[in-house]
Amino acid sequence: MSRGDNANRGKGNARSGKKTYNRGKASAKKPNNSPRTINNSDEIRLNKYVANSGICSRREADLYIETGSVWVNGKPVTEMGYKVKLTDEVKFDGRLITPHKKEYVLLNKPKGFTTTTSLEKSRTVMDLIANASKQPLKPVGRLERNTTGLLLFTNDVDLEKKLTHHKTGVRKIFHVALDRNLKFEDFEKIQNGIKLEEGYIAVNEISYIEGAPKNEIGIQLMSSKNGIVTKLFEHLNYSVLKLDRVIFAGLTKKDLPRGHWRILTEQEVINLRML
């Protein structure tokens, strides 16, 4: 692996092509209480409508519909496959909901920001993408306060759940700087896998950074557990001084300065959905 990202910390916004940078299964039932069934091509399924509103995944929406939590134009709808118009009034648990366009934002997170959507916290990653979208976005997974690098945001609940599920196997590469040189015997221990309290952690690849001191390490793994890289090294009595996620699910930091964000291209979104 080559030396980690040394991206320029320039401020402000930049635009290049399509990239935008900025700071900072159920059985079918037809109960009598369904108001109507629609087959027009300009309408969408109710479960998709609910999922697109950012409340839950489409599969979870089916469950809510079956239990009568979703109302259309003042009546509960429990029919699977029921379709609605964008002009219909749809409520979930009594609250009016509206579907949003799916959006995907990639941030090169700087140090010192927490990964939370809480408005009560200061210096959060949400501050950095405040101008990225008018829709509420959610971070995919998390990075610790002092961890830098790639963090994806979206209102696509299905994709978010997929990318954070342990069975998906999302590839992540980190550039690690330790408080002292990594001994070769410890290098081999990590390479062969280590058992922690969180379970057995397997690494896809580990290497010393070319042209750098032996305390700089490149590590690739697919674990979805939070803070697992730091825990791996701390288990062997090393302190992690710097931790930078340089690759996430095939996305890289190329042309993305620290503290800036960009909108994913259509091809990048397709690639994520194919994982």
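Mentor: Let us begin with a term that we shall need at once: contact means heavy atoms within 4.5 Å. With that in hand, and keeping in mind that this is a predicted model, take Val229, which, leaving aside its neighbours within four places in sequence, is in contact with Phe174, Val176, Ile219, Leu221 and Leu243.

Trainee: Which residues have the most contacts inside the largest nonpolar core?

Mentor: The largest nonpolar core has 21 residues, and those with the most contacts inside it are Val176, Leu182, Ile190, Ile219, Val229 and Phe233. Two or more residues each are given to this core by strand S12 (172-178), helix H5 (184-192), strand S13 (194-196), strand S16 (216-221) and helix H6 (228-235). The largest share, four residues, comes from H6.

Trainee: How should I read the burial of residues along a helix, and which residues of helix H4 are buried?

Mentor: The general idea is that an α-helix has 3.6 residues a turn, so residues three or four places apart point the same way. In helix H4, which spans residues 157-164, the buried residues are Val157, Leu159, Glu160 and Leu163. These residues cover an arc of only 165° around the axis, which puts them on the same side of H4.

Trainee: What covers the buried residues of H4?

Mentor: The cover includes helix H1 (46-52), strand S9 (104-109), strand S10 (138-139), strand S11 (148-154) and helix H7 (266-273).

Trainee: In which sense do S9 and S11 pair, parallel or antiparallel?

Mentor: S9 and S11 pair in the antiparallel sense over six bridges, and within this pairing Val105 stands opposite Phe153 in S11. S10 and S11 also run antiparallel, joined by two bridges, and there the bridge partner of Lys138 is Thr154 in S11. S11 and strand S17 (residues 240-248), by contrast, run parallel and are joined by two bridges, with Gly149 standing opposite Arg245 in S17.

Trainee: Where is the place of Glu144, and which residues does Glu144 touch?

Mentor: Glu144 lies in the loop between S10 and S11, and Glu144 is partly exposed, with a relative accessible area of 33%. Not counting residues up to four places away in sequence, Glu144 touches Lys109, Phe113, Asn226 and Gly227.

Trainee: How do I read charged side chains, and how many salt bridges does the count come to?

Mentor: The general idea is that side chains of opposite charge can pair when their charged atoms come close. The count here comes to 11 salt bridges. One of them joins the side chains of Lys189 and Asp186 at 3.8 Å, N to O. These two residues are three apart in helix H5 and are therefore separated by about one helical turn. Lys189 is partly exposed, with a relative accessible area of 44%, whereas Asp186 is buried, with a relative accessible area of 9%.

Trainee: Which parts of the chain does the salt bridge of Glu198 and Lys231 link?

Mentor: The side chains of Glu198 and Lys231 meet at 2.9 Å, N to O. This pair links distant parts of the chain, with Glu198 in the loop between S13 and strand S14 (199-201) and Lys231 in helix H6, 33 residues apart. Glu198 is partly exposed at a relative accessible area of 29%, and Lys231 also counts as partly exposed, at 32% relative accessibility.

Trainee: Are Asp244 and Lys253 buried or exposed?

Mentor: Asp244 is buried, and so is Lys253; their side chains meet in a salt bridge of 2.5 Å, N to O. Finally, look for Lys102, Asp156 and Arg273, which are linked in a network of salt bridges.

How values were computed: Residues are numbered from 1 along each chain as its sequence is written. This is a predicted model: local features need pLDDT of at least 70, side-chain atom pairs count only at pLDDT 80 or more; totals for chains, interfaces and linings use all residues. Side-chain values use heavy atoms; hydrogens and water are left out. A nonpolar core is a set of buried Ala, Val, Leu, Ile, Met, Phe, Trp, Tyr and Cys residues joined through side-chain atoms within 4.5 Å. Buried means under 20% relative accessible area, exposed over 50%, partly exposed in between (1.4 Å probe, protein chains only). The arc is that of the directions from the helix axis to the C-beta atoms. Two strands pair if DSSP finds at least two bridges between them. A salt bridge is a side-chain nitrogen of Lys or Arg within 4 Å of a carboxyl oxygen of Asp or Glu.
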